[in-house]
Amino acid sequence: MQTTDVQKVPATYSRTNPFQAKVIKNVNLNGAGSNKETRHLELSLQGSDLSYLPGYALGILPQNDPELVSALIEVMKWDASTPVAVGKEGETLPLQEALTTHFEITLLSKKIVQSAVAFTDNQELHNLLLAENANQLKEYTNGRDLLDLLRDYGPWKASAQDIVSLLRKMTPRLYSIASSIAAHPEEVHLTIGAVRYTAHGRERKGVCSVLVAERIQEGDTLPVFVQANKHFHLPESPDQAIIMVGPGTGIAPFRSFIEERAVTKATGQSWLFFGDQHAATDFLYQEELEQYQKDGVLSKIDVAFSRDSEQKVYVQHKMLENSQELFAWLDKGAYFYVCGDKLNMAKDVHHALLEVIEKEGSMTREEAEAYLNGMQEQGRYQRDVY
């Protein structure tokens with residue numbers, strides 16, 4: 001009898017023990033002719049006991065591109081079946097599997113280059129590591145990967161084990177959850193933009209985003225875990241108004257917010273600012289959002305499509321256009337959320353927000369900053385930026 005009791009205890013799935021979630025749906029949200037590919041992914045959590053709140057993230061443990069793995073093995077003339085050590089306690093995997101599932105091969109760090117130099121007499125690489133060439137080294141590692149290093153600076157006197165010993169363990173990729181579990185029991189949805197670009201004469205692909213875009217089919221499984229996000233959540237009171245700024249894939253957590261508020265019949269007003277390149281091909285979740293607006297779940301939507309006009313219009317421009325109403329909402333206690341690109345968008349939105357507060361609140365810049373700091377301390381200004 002005891003054994004059956006033990007089996008009933010649910011396994012706790014985590015970063016170190018991910019759940020194999022079955023892919024129910026995997027579709028491209030962008031229309032034909034778009035410059036972008038954004039995947040809407042629906043995963044089953046059935047049998048996992050996993051749950052989440054709006055604002056949480058889902059971690060995926062991805063696999064490297066098999067073409068990139070093959071190219072590495074080929075350039076070094078290694079045997080794909082050679083066992084190599086991974087992790088602790090003498091655990092080994094065949095080289096091909098280790099490079100596919102266990103190691104990070106698309107990033108090149110200063111540390112990897114400094115350690116690799118021991119395995120080559122290539123003078124150029126030795127020179128690159130001289131103190132006076134620190135800037136060139138930084139430039140070299142930026143946007144290049146292990147394959148570049150191995151191609152550029154041979155011949156190598158290194159075994160497969162020597163090279164994999166230089167590598168970092170594959171890290172999980174975290175994505176903002178794009179669904180409410182109340183709206184989709186035992187499911188989790190994601191919004192993932194495929195990362196593809198050309199650099200240093202080669203096409204580059206995002207490890208996880210292109211795995212999802214090109215190689216994961218409906219019916220396949222992905223190893224996942226839930227990552228709590230204590231600093232990004234709906235207000236406790238369903239009566240509070242919310243303002244959401246999420247261009248591109250930054251829409252993801254706001255889809256979960258809106259779904260949650262629809263199910264819980266929250267009475268607080270909600271205002272969404274969304275932006276992307278073209279209205280015709282890049283208005284993600286357009287039908288759903290417009291339906292929510294018709295149903296009164298979403299009070300207001302403002303959109304900015306940067307490539308549809310001569311002058312580029314972004315979400316921060318839409319905020320400034322609506323500055324009077326925006327400040328009125330903030331002054332009545334609305335929560336303000338931003339999700340998406342940390343490098344440019346989040347900074348621009350922050351500056352626009354200060355401008356709105358300064359202008360409409362008749363404040364100095366210092367007073368506007370104090371007002372915004374106050375909002376932050378009250379948990380009314382929340383950012384999920386990456």
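Among contacts in the protein (heavy atoms within 4.5 Å) between residues at least 6 apart in sequence, 73% join residues at least 24 apart. The structure is a predicted model, in which local features need pLDDT of at least 70 and side-chain atom pairs count only at pLDDT 80 or more, while totals for chains, interfaces and linings use all residues. Residues are numbered from 1 along each chain as its sequence is written, and side-chain values use heavy atoms, with hydrogens and water left out.

Of the 386 residues, 49% are buried; buried means under 20% relative accessible area, exposed over 50% and partly exposed in between, with a 1.4 Å probe and protein chains only. The accessible surface comes to about 19600 Å², and carbon and sulfur atoms account for 48% of that area. Such areas come from the Shrake-Rupley method with a 1.4 Å probe, and for residues only the protein chains shown count as cover.

Strand β8 (residues 196-199) is joined to β9 by four bridges, and the two run antiparallel; strands pair if DSSP finds at least two bridges between them. Tyr197 stands opposite Arg204 in β9. Two residues lie between the strands of this hairpin, where His200 takes a positive phi near 50 degrees. In a regular strand the side chains alternate between the two faces of the sheet. Strand β9 (residues 202-205) has Arg202 and Arg204 on a covered face, with Glu203 and Lys205 on an uncovered one.

Helix α9 covers residues 207-215 and is largely enclosed by the rest of the structure, because seven of its nine residues are buried. Among them are Val207, Cys208 and Leu211. Ala213, also in this helix, is buried with a relative accessible area of 14%. Neighbours within four places in sequence aside, Ala213 is in contact with Glu37, Arg39, Ala194 and Arg196. Its C-alpha atom is separated by 35 Å from that of Trp156, 57 residues apart along the chain.

In the loop between β11 (242-245) and α10 (252-263) sits Gly248, a buried residue with a relative accessible area of 11%. Gly248 and Leu284 are 36 residues apart in sequence, and their C-alpha atoms are 7.5 Å apart in space. Beyond its neighbours within four places in sequence, Gly248 is in contact with Phe274, Gly275, Asp276 and Leu284.

Tyr285 lies in the loop between α11 (279-282) and α12 (286-294). This residue has a positive phi of about 60 degrees although it is not a glycine, and Tyr285 is buried, with a relative accessible area of 8%. Ser362, in the loop between α15 (345-360) and α16 (365-377), has a positive phi of about 45 degrees and is likewise not a glycine. Ser362 is exposed, however, with a relative accessible area of 66%. Finally, the peptide bond from Gly154 to Pro155 is cis, with omega near -5 degrees; Pro155 belongs to the loop between α7 (146-152) and α8 (160-164).
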